[in-house]
Amino acid sequence: MIAATAAVTVSCGQQAPQAQQPPAVVTVTQPAPQESAESQGSSEETSEQGGSSETKVSHPEEIPTQKPCQTSQLRARFYPGTLVGLHDDPTQPAGGSRTKLRLANVGAKACTIEGDARIEFLDGTGAVMPATFVDKAGTLPAEAMSIGTREGVAQELYWIYQTGDCVDDPAKVRIYPPDNTESITLDWNFGTVCGDRRVERTHLHSD
């Protein structure tokens, strides 16, 4: 009996340390959830940063942008429209002429335009006549403009007609709005463009 009791005591004494081992195992495994939490925290921060970046990228897309004006939605016209009395007009440059080319938006939507219309002089057969177009001194820089329906932009054209190199009056003029390959053709009713058909121009501006 004493021996059996001792055996049981020894056995219980051996089991006691074994019963203390699980807490030690728990203690070892506790840091793992902490690391996981830190990792999750880092992941959440990354996710928040990523969300902020996505917001910045998508924000400009929320702002609608207008498209460049197309030739099909524009109407071109010269002011004045005829040569009658132009040379005797006191508002005209000395020895030269001036007219205004206006582009009006006749489409259903607003559009943007910037720069200058490209102009070609045509002879009676429709062939292009060589010409030079330069910015007039003091011209303000070109800027992008929004043109609503029935609104317009314009640029002034200046040329001389009293020099000795005045030959072959243009019959028509072909006008290409900025950033367009399609043109608008108008009659040229302003006579000779002298000086090797040199024309000074302003940039398009609101009109």
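**Exercise 1. Find where confidence in the protein chain is lowest and where it is highest.**

Step 1. Confidence is lowest in helix H2 (residues 31–58), with a mean of 44. The scale is pLDDT, the predictor's confidence in each residue, from 0 to 100.
Step 2. The highest value, 97, belongs to strand S9 (residues 172–176). Helices (H or I, at least four residues) and strands (E, at least two) are DSSP runs, numbered from the N terminus.
Step 3. Look at residues 1–33. Their pLDDT is below 50, and beyond near neighbours in sequence this stretch has zero contacts in the model. Contact means heavy atoms within 4.5 Å.
Step 4. Take the whole chain. The average pLDDT is 74, and 61% of the residues score at least 70.
Step 5. Read with care: where pLDDT is low, the predicted coordinates should not be read in detail.

This is a predicted model, so local features need pLDDT of at least 70 and side-chain atom pairs count only at pLDDT 80 or more, while totals for chains, interfaces and linings use all residues. Residues are numbered from 1 along each chain as its sequence is written, and side-chain values use heavy atoms, with hydrogens and water left out.

**Exercise 2. Work out which side chains form salt bridges with Arg201.**

Step 1. Recall the rule: a salt bridge is a side-chain nitrogen of Lys or Arg within 4 Å of a carboxyl oxygen of Asp or Glu.
Step 2. Asp116 is one partner, with the closest N and O atoms 3.8 Å apart. Arg201 is in strand S11 (residues 198–201), and Asp116 is in the loop between strands S3 and S4, 85 residues apart.
Step 3. Asp135 is another partner, at 3.4 Å, N to O. Asp135 lies in strand S6 (residues 132–135), so its pair with Arg201 ties together parts 66 residues apart in sequence.
Step 4. Check burial. Buried means under 20% relative accessible area, exposed over 50%, partly exposed in between (1.4 Å probe, protein chains only). Arg201 has 18%, so Arg201 is buried. Asp135 has 42%, so Asp135 is partly exposed.

**Exercise 3. Describe the surroundings of Arg102.**

Step 1. Locate Arg102: strand S2 (residues 96–105).
Step 2. Arg102 has a relative accessible area of 17%, so Arg102 is buried.
Step 3. Beyond four places in sequence, the contacts of Arg102 include Tyr79, Glu151 and Asp207.
Step 4. Lys100, Arg102 and Asp207 are linked in a network of salt bridges. The structure holds nine salt bridges.
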